[in-house]
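Below is a short briefing for a reader new to this structure. It starts with one residue and then turns to the chain as a whole.

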Amino acid sequence: MTLLETDEQGFVRESVLQESVDGKVRCNICERRCLLVEGGTGWCRTRQNKGGTLVTLTYGAISSLSVNPIEKKPFYHFFPGTKTLTAGSWSCIFDCPWCQNWDISRVNPPFGGNYVSPQQFVAMAQRKGCQGTSISFNEPTLSLEWSLNAFRLSRPVGLYNTFVTNGYMTPEALDLLVEAGLDAMNVDVKGDAAVVQRFCRGVDVDKVWTNCKRGRSRGLHIEVTTLVIPGVNDQDDILQGIAQRLTRDLGPEIPWHLSGYLPAYKFTAPPTPISTLERAWRIGKDAGLQFVYLGNVPGHRYYNTYCPSCHAVLIERDGLELRRISIDRGCCPRCGRQIAGIWTSGEGKTSMRC
């Protein structure tokens, strides 16, 4: 990777996915595929055409850094009970008016501030006793170059790597991530085609579904989250459409997380009622999904993982706290059914994929 014009933090690096088109530069990081004139920036404001070369302006520009339980992402079927060092940067590919992290996703990226190298990030994860890494908080695709370098360093030292994403990266970007060491993605499916087109400003939700399928075919662990928002995507037909497509495209064992919305940014609709989330849970189960979860309702029974066959409680959760786990080598200890996921076995990060 080439270091171009840079300030002392080194935020400016050559982008890995670009092509020249009639004197302009096309960015092939996300499916907006912006075409930039000289000096122009893309829709996300994190990439610029500098002298005919596309550069990222936010390499190592870290807005947020914290140790989190993997359940916070949320991942419920991927190394439960482990910790991940989570990093976020700036900006987003979408423009959701209810954004819960708008203070970092809807502002112009800084040209100074906190710089964290991939080497520092991985060393910090090890020092803090984490079992993995996560790129989250804002859209991680915009940190592609930095993530690739971090993953190449973290995989050899035994750390897993995750993305919490809106899923709008290009297939080329996704392939690079898998090759560098990405292990899992939690993908935010925000609604049907009409909802996503309207509220996310021109986004084609089919490309999100394509990346879910592509990631799964490349061996990634996939979980899906839907923020259920009153008046936006809480209608039965929209929720049924998502649940049915999950079952059809990704399989009945794909975990679906239904999170409750809280007013934020430009959106003032009331918080999602628990009854709405429970109705969405039933819609998911009726569509054939075996693992449907509620979020933002600590202590609710639908936080737990149940065996689809004998209904034994396999993982009991209280919010982000893991109270107990009863999975024996990837199977239900009562009836022996295999439980889809990647589980810890013994000490450390030992994969038990089922």
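In this predicted model, Arg-245 touches Asp-206, Trp-209 and Leu-250, leaving aside residues up to four places away in sequence. With one of these, Asp-206, the side chain of Arg-245 makes a polar contact of 2.8 Å.

**Arg-245 in its setting**
- Arg-245 sits in helix 7, which covers residues 236–250.
- Leu-250, one of the residues that Arg-245 touches, has the number at which helix 7 ends.
- Between Arg-245 and Ser-154 there are 34 Å in space, C-alpha to C-alpha, and the two are 91 residues apart in sequence.

**Fold and overall dimensions**
- The chain contains 8 helices and 19 strands.
- The chain is as compact as a globular protein of its length, because its radius of gyration of 20 Å is close to the 20 Å that the globule rule gives for 354 residues.
- Along the principal axes, the C-alpha atoms of the chain fill a box of roughly 65 × 45 × 30 Å.

**Burial and contacts**
- Of the 354 residues in the chain, 56% are buried.
- Among contacts with a separation of 6 or more, 64% are between residues 24 or more positions apart.

How values were computed. Residues are numbered from 1 along each chain as its sequence is written. This is a predicted model: local features need pLDDT of at least 70, side-chain atom pairs count only at pLDDT 80 or more; totals for chains, interfaces and linings use all residues. Side-chain values use heavy atoms; hydrogens and water are left out. Helices (H or I, at least four residues) and strands (E, at least two) are DSSP runs, numbered from the N terminus. The radius of gyration is taken over C-alpha atoms; the globule rule is 2.2 Å times the number of residues to the power 0.38. Buried means under 20% relative accessible area, exposed over 50%, partly exposed in between (1.4 Å probe, protein chains only). Contact means heavy atoms within 4.5 Å. A polar contact is a pair of N or O atoms within 3.5 Å; within protein, one must be able to donate a hydrogen and the other to accept it, and residues adjacent in sequence count only if both atoms are side-chain atoms.
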